[in-house]
Structures are given as structure tokens and as C-alpha cells.
Amino acid sequence: MTERFIDISLPKRGVHCTARLLDDKAPVTCAAVWEALPLSGDVYHAKYARNEVYALFEPFAAQEPPLENPTVTPIPGDLCYFTFNGTQLGNRAYGYDTTGADVRAGATLVDLALFYERNNLLINGDMGWIPGIVWGTVVDGLEEMAAACNDLWRAGALGEALSFRRA
């Protein structure tokens, strides 16, 4: 199979990186994401997992992917796919608007995440371990993206998006 690549960007900050899809390790997830591209949404910086930025999307696959190529310890450059329902994300501590349409009881949400630095652990105080599907790896531009992600943590993410498109 021919390798496939995507571009991940923080448009307001003018930074992007390139990732290779891991079709050999997460074929169902890669196919679902590839077919849904382009995707863009409000970016959030992780509160518990440490060095992670992510965006939440309405489900885009006909059926949610199985837990293929799972991890609870993502490394720098990992792209992870998570599925949540609104009840799981309904705790006000997460910072989402729980009165809006995005986070509501029973609503499925897809979380596409980029891990940009070491020492991540996918454990949540409310739910325990949260394994993610590793479906891609950054192959170019991680250092610049990491600096911009760290700026999100320090300066805030309001008004910024996390965008995914075919490269």
C-alpha cells in the first residue's frame, strides 16, 4: 500500500506538521479519518494527559473503529483517536460548555489528538484508563508544532483551531 500523509495545523499561529498514517497498524481508523478529511475544530489543550492538543468532532465513520493499535502512553508525534459520549465529558472540570450541542448526554464525540512531547499518561480521574488508537505519526515539523502547542498551554487556545487535511 502507498503511504498516505496528512497536514495538521494550528491556522491562527501559522504552524503545521506532516504525519504519516499507520495503515498497517490501524487500518480501520486510518480509513475512517482519511475519508472524513478535511476536519477542523476548536483546539483544546489536555488537562490530564499532559502534552496533548485535540479537537472534538461529530462521528464521521459508519461504525466506530475497534481499539486497534492501542496505547495509554503516547509518545511525541503520536496521533490518537478516542470515542467519548457526552456523559463521559459532562463534568464541568473539563471546561466544555455542557449546555451546548457538542457535549450532551448520549451524544458520541470523536477526539482527534496530537501528542507533542514526552511523559503522557492516558488516565482520567473520573473514568480511569483511557486507551487511544494510534493512527498516525508526525514525520516533519514536530518541533515547531510542539512550540506552538506549548504556547496554547501558556497563552490560551481561545480562537484557535486544530485542522487535519490530506497532504
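Does Thr29 count as buried or exposed, and at what relative accessibility? At 0% relative accessibility, Thr29 counts as buried, where buried means under 20% relative accessible area, exposed means over 50%, and partly exposed lies in between (1.4 Å probe, protein chains only). The structure is a predicted model, in which local features need pLDDT of at least 70 and side-chain atom pairs count only at pLDDT 80 or more, while totals for chains, interfaces and linings use all residues. Residues are numbered from 1 along each chain as its sequence is written, and side-chain values use heavy atoms, with hydrogens and water left out.

Thr29 is located in helix H1, which spans residues 27-36. Helices (H or I, at least four residues) and strands (E, at least two) are taken as DSSP runs and numbered from the N terminus. With neighbours within four places in sequence set aside, the contacts of Thr29 are Pro65, Pro66, Glu68, Tyr81, Ile133 and Trp135; a contact here means heavy atoms within 4.5 Å.

The overall architecture gives the setting for this residue. The protein chain contains two helices and 12 strands, and from the N terminus on its elements follow the order β-β-α-β-β-β-β-β-β-β-β-β-α-β. Of the 167 residues in the protein chain, 50% are buried. Among contacts with a separation of 6 or more, 77% are between residues 24 or more positions apart. The accessible surface of the protein chain is about 8,400 Å², and carbon and sulfur atoms account for 50% of that area; accessible areas come from the Shrake-Rupley method with a 1.4 Å probe, and for residues only the protein chains shown count as cover.

A search of the whole structure finds five aromatic pairs; rings of Phe, Tyr and Trp (its six-membered ring) pair if their centres lie within 6.5 Å, and planes under 30 degrees apart count as stacked, over 60 as edge-to-face and the rest as tilted. Phe57 and Phe164 form an edge-to-face pair, at 6.4 Å centre to centre and with 75 degrees between the planes. This pair links distant parts of the chain, since Phe57 is in strand E5 and Phe164 in strand E12 (residues 161-166), 107 residues apart. Phe57 is buried at a relative accessible area of 7%, and Phe164 is buried at 1%. A tilted pair is formed by Trp135 and Phe164, at 6.4 Å centre to centre and with 45 degrees between the planes. Trp135 lies in strand E11 (residues 132-140) and Phe164 in strand E12, so this pair ties together parts that are 29 residues apart in sequence. Phe57, Trp135 and Phe164 form one aromatic cluster, and Trp135, listed above as a contact of Thr29, is buried, as is Phe164.

The peptide bond from Leu37 to Pro38 is cis, with omega near 5 degrees, and Pro38 is placed in the loop between H1 and strand E3 (39-42). Asn69, in the loop between E5 and strand E6 (70-71), has a positive phi near 50 degrees in a residue other than glycine; at 25% relative accessibility, Asn69 counts as partly exposed. Asn119, which is not a glycine, has a positive phi of about 65 degrees. Asn119 is found in the loop between E8 and strand E9 (123-124) and is exposed, with a relative accessible area of 53%.
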